[in-house]
Amino acid sequence: MSTPPSPSPGTGHSWPPPSLPQAWGPPPGPGRQAALNGFALASLLVGLLCLPPLGIVFGVVALVQIQRKRERGRALAITGLALSTCLTALIAFAAGPVLTAVGDRLDAFSEIADAEGELTDEDRLRPGDCFNVPGGDLTGRQPTTYKVDCSEVHHAEVTFAGPFDPAQGAGTRAADLQAEEACWKAQDAYAMDTWALPRHAGMYYFSPSRESWKDGDRLLLCVIGTPEEDQRGSLRKDRRTLTTEQADFLTAANALDLAFGRSPEEDVADALQEHQAWAREMDAALGGEAAVLERHVSRPQTAGAAAARLKEIDSARSAWRRAAQAKSPAEFDRQWERALGAISLETEKALRGAYGLSTVVPQWLEEPGGPGGGGPGGSGGGPATGSA
């Protein structure tokens with residue numbers, strides 16, 4: 001290998017240094033145009049037409065290549081990147097509710113596997129039918145119902161299925177109260193001996209919502225719900241399974257319970273007239289029970305218990321009448337307490353036993369703050385729960 005000669009002394013010259021390599025390539029010469037980057041165009045087209053997230057990737061790749069290769073399309077790549085980013089964010093925002101709905105639907109499908117029975121539309125259910133719902137949830141909207149034989153474990157038993165036409169339209173407080181009272185009456189006629197209902201039973205109803213009402217939904221479905229424990233067998237105990245005396249007494253007793261449950265929601269200090277009207281209703285309901293007992297007081301099996309109850313009813317009616325004429329909220333409260341105190345739970349138990357009915361005191365009569373032994377309780381075997 002030869003080496004270059006040393007510079008001559010005094011000449012002032014040396015060998016020139018080697019030239020540096022061109023790292024990025026030479027710029028285009030005169031008359032030569034840089035190529036358009038393909039990823040820049042793809043970023044815009046893909047973002048607009050199919051997959052905005054892929055457009056973001058193409059936009060980033062395009063900007064890197066344009067810088068390295070000195071190609072055209074920087075503005076196009078930036079536009080495609082920005083557009084793809086915005087569209088991706090918009091899709092993610094819009095897809096949120098959809099993904100939630102899909103998740104809920106998948107959850108429902110997973111629960112359906114636990115619901116035994118034959119899938120049946122609500123409008124095909126009739127009084128006496130028993131059914132299951134996914135997860136045992138009787139409080140949700142428009143439950144999916146699976147009809148089963150009542151001898152099998154079930155979540156609910158239908159007491160009423162029929163048209164519902166609330167005066168103020170569906171979805172209102174008035175409509176809820178109307179549906180609740182209709183279903184209490186249906187349950188009292190279906191399972192007349194309310195003391196015989198199991199403690200885990202409750203009254204539930206399904207009525208039209210504002211939205212379903214617009215679509216023509218007019219169905220009110222009333223059920224005895226037993227989702228908390230395994231329930232086998234029907235809870236039906238109506239006039240067909242009772243004696244005439246039992247049915248007559250229970251009709252009057254349940255009417256009294258229903259009247260007691262209609263107590264005004266407002267405090268007596270704010271709605272004295274409404275409470276006075278309620279007192280008159282209680283007096284009338286007690287009168288209805290007294291009329292039945294007077295027909296049975298001469299019968300040996302019910303004579304003693306009926307006579308004791310009639311005496312209590314007479315005292316209670318006197319107090320309710322004075323409450324209906326009370327001049328002040330304080331006076332109403334005093335008469336109300338006297339009316340409740342006039343009715344004994346022990347007398348009620350003895351009377352029901354004389355009729356051959358259940359003597360097991362329901363939980364809603366034992367709860368602290370409830371009527372207890374001092375008067376009639378709310379009708380039925382549990383809380384009323386509505387579902388639109």
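These legends accompany a set of close-up views of a predicted model.

**View 1**
Let's start with strand β6, which spans residues 219-225. This strand is mostly covered, with 7 of its 7 residues buried. Leu-219, Leu-221, Val-223 and Gly-225 point to one side of β6, while Leu-220, Cys-222 and Ile-224 point to the other. Residues on both sides are buried.

**View 1. Strand β4 beside β6.**
Here β6 is seen with strand β4, residues 156-163. The two strands run antiparallel and are joined by 7 bridges. To find your bearings, look for Pro-163, which stands opposite Leu-219 of β6. Leu-219 belongs to the set that also holds Leu-221, Val-223 and Gly-225, pointing one way from β6.

**View 2. Strand β5 beside β6.**
Strand β6 also pairs with β5, residues 202-206, in the antiparallel sense and over 5 bridges. Two pairs of residues make handy landmarks in this view. Tyr-205 has Cys-222 as its bridge partner in β6, and Met-203 has Ile-224. Met-203 and Tyr-205 point one way from β5, whereas Gly-202, Tyr-204 and Phe-206 point the other way. Like β6, of which 7 of 7 residues are buried, strand β5 is mostly covered, with 5 of its 5 residues buried.

The landmark here is Cys-130, whose bridge partner in β4 is Glu-157.

**View 3. Helix α6 and its surroundings.**
Helix α6 covers residues 244-260, 17 residues in total. From its first C-alpha to its last, α6 reaches 25 Å, close to the 24 Å expected at 1.5 Å a residue. Of those 17 residues, 13 are buried, so α6 is largely enclosed by the rest of the structure.

**View 4. Helices α6 and α7.**
Packed helices are described by the angle between their axes and the distance between those axes. For α6 and α7, the angle is about 170° and the axes are 9 Å apart. Therefore α6 is roughly antiparallel to α7, as angles over 145 degrees count as roughly antiparallel. The crossing of these helices, α6 and α7, is left-handed.

**View 5. Pro-264 in the loop from α6 to α7.**
Pro-264 is placed in the loop between α6 and α7. Is this residue, Pro-264, buried or exposed? Its relative accessibility is 18%, so Pro-264 counts as buried, the cut-off for that class being under 20%. Look also for Glu-274, which is 10 residues from Pro-264 along the chain. The C-alpha atoms of Pro-264 and Glu-274 are separated by 6.5 Å.

**View 6. Helices α7 and α8.**
Next come helix α7, residues 272-296, and helix α8, residues 303-324. Their axes come within 9 Å and cross at roughly 160°, which makes α7 roughly antiparallel to α8. The residues of this contact of α7 with α8 divide into 14 nonpolar, 3 polar and 7 charged. The crossing of α7 and α8 is left-handed.

**View 7. Helices α8 and α9.**
Helix α9, residues 329-341, joins the picture here alongside α8. The axes of α8 and α9 come within 8 Å and cross at roughly 165°, so α8 is roughly antiparallel to α9. The crossing of α8 and α9 is left-handed.

To finish, here are two loop positions to look up. Asp-149 is found in the loop between β3, residues 145-148, and β4. With a relative accessible area of 49%, Asp-149 is partly exposed. Asp-149 and Gly-117 are 32 residues apart along the chain, and their C-alpha atoms are separated by 8.3 Å.

Ala-196 lies in the loop between α4, residues 173-190, and β5. Ala-196 has 37% relative accessibility and therefore counts as partly exposed. Ala-196 and Leu-235 are 39 residues apart in sequence, and 8.7 Å lies between them in space, C-alpha to C-alpha.

Definitions and conventions: Residues numbered from 1 in each chain as written. Predicted model: local features only at pLDDT ≥ 70, side-chain atom pairs only at ≥ 80, totals over all residues. Heavy atoms only, no water. Helix = DSSP H or I, 4+ residues; strand = E, 2+ residues; numbered from the N terminus. Expected span 1.5 Å × (residues − 1). Buried < 20%, exposed > 50% of the residue type's maximum accessible area, 1.4 Å probe, protein only. Axes fitted to C-alpha atoms, helices over the stretch in contact; angles between N-to-C directions. Parallel < 35°, antiparallel > 145°, perpendicular 65-115°, else oblique. Left-handed = near helix turned anticlockwise from the far one by under 90°. Nonpolar A, V, L, I, M, F, W, Y, C, P; charged D, E, K, R; others polar. Pairing = 2+ DSSP bridges.
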